[in-house]
Amino acid sequence: MLAQGAPIRLPADTRPVLTVVIHTEEEFDWAKPHDRGATTVEHMRHIGRAQALFDEFGIVPNYVIDYPIASQQASIEPLREFADSGRALIGAHLHPWVSPPHDEEVSAFNSYPGNLPRALEAEKLRRLSDRIERSFGAPPRTYLAGRYGFGPNTADILEDLGYEVDISPAVPIDFSSDGGPDYSAFTSDPFWFGKRRRLLGLPGSGGYVGALREGGTRLYRRVTSPLMKRLRVAGVVARLRLLERIRLSPEDYDEAEMQRLTTALLADGMRVFVFSFHSPSVMPGGTPYVRSAADLERFLGKCRRYFEFFFRRLNGVAMTPLQVKSFLESEGRVAAWPTEQSQ
């Protein structure tokens, strides 16, 4: 499991930085078990809906792509056009169940790539990286583990394959009940990690908001327990906005919630933010978050209003994950190397 190194903090007068990361993947039924046969990428005919919005705000999104996306012309063609014109960055996103070699049993546990034996995780990511390079002409340098499944061998594998930035941590979510990693103790701060070379950890932004936010995950678990839900305590806490768990994503959260999270993180001293969603959300029926044309309109509207807030009200600036890494290095924020205990 990845441990978060010392947080990288920037001066208070630093303009807030937004990086947009798209989990670019095949369509599948989120309510059913993982299926190796579910590899369609029909929604990529509509990815221009999101790209047009990014273009409008000068955002160069990082499409982290998995094997079905990297190997089918329906998805390669639009993404290659975006990347070749400098309007997008291509990274890697490993969904083990649809990424060769298919040597493992398909299961919830094995859907987290970091749970696989080291040799198998490494081979899957190597083949995905090679496939991306063949399709787009350059090797990927950013990585987001499928299902956020960073494991005990992932850092070494990323180093071996020449990656520079990992975006896997989903703050502050705990996936351990399903066999996945626990990010409940992480903050949204970037951090350095790696044994032989400097890699940047860039967590997906999230956290707690409200008067009781100092209670963090421990208090959130208590007030959202089955007993507290039966007593309607959880609902009262949420309605009064005493304690909210929010992630920087238009999936599940509206622009007001994302703005509250951003404001709270800014007050905590954070200056680097990661906004993300899943690519099938650009097509009605592609994810549980967008079921209809009306849902899609609301979804894109949430993105637009949040971008207006970030860039116009906060005077923010957009960067790709690789630009964030270069910016932190140029600012001299390279001294916070992890200790042996935090590796």
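Colleague: Let's start with a charged pair. How far apart do the side chains of E42 and R45 come, N to O, in their salt bridge?

Modeller: Keep in mind that this is a predicted model. Side chains of opposite charge can pair when their charged atoms come close. A salt bridge needs the nitrogen within 4 Å of a carboxyl oxygen, and for E42 and R45 the N to O distance is 2.4 Å.

Colleague: Now E329. How many residues apart in sequence are the parts that its pair with R198 ties together?

Modeller: E329 and R198 form a salt bridge, with 3.7 Å between the closest N and O atoms. E329 sits in helix α11 (residues 321–330), while R198 is in the loop between β6 (191–193) and β7 (199–201). E329 is partly exposed at 30% relative accessibility, and R198 is partly exposed too, with a relative accessible area of 23%. So the pair links parts whose separation in sequence is 131 residues.

Colleague: What about E308 and R312 in helix α10: what separates them along the helix?

Modeller: These two form a salt bridge, and their closest N and O atoms are 3.7 Å apart. E308 is partly exposed at 27% relative accessible area, whereas R312 is exposed at 58%. They are 4 residues apart in α10, so what separates them is about one helical turn.

Colleague: Staying with helix α10, how far apart are its end C-alpha atoms?

Modeller: Helix α10 covers residues 293–313, which is 21 residues. At 1.5 Å a residue it should span 30 Å. The model agrees with that, because the end C-alpha atoms are separated by 29 Å.

Colleague: Which elements are among those covering the buried residues of α10?

Modeller: Buried means under 20% relative accessible area. The buried residues of α10 include L296, F299, Y306 and F310. Among the elements that cover the buried residues are α1 (48–56), α9 (255–267), β10 (272–278), β11 (317–318) and β1 (17–24).

Colleague: Last one: which residues are linked in a network of salt bridges?

Modeller: The structure holds 24 salt bridges, and the E42 and R45 pair is one of the salt bridges we went through. Some charged residues link up in a network: R118, D156, E159, D160 and R196.

Conventions. Residues numbered from 1 in each chain as written. Predicted model: local features only at pLDDT ≥ 70, side-chain atom pairs only at ≥ 80, totals over all residues. Heavy atoms only, no water. Helix = DSSP H or I, 4+ residues; strand = E, 2+ residues; numbered from the N terminus. Expected span 1.5 Å × (residues − 1). Buried < 20%, exposed > 50% of the residue type's maximum accessible area, 1.4 Å probe, protein only. Contact = heavy atoms within 4.5 Å.
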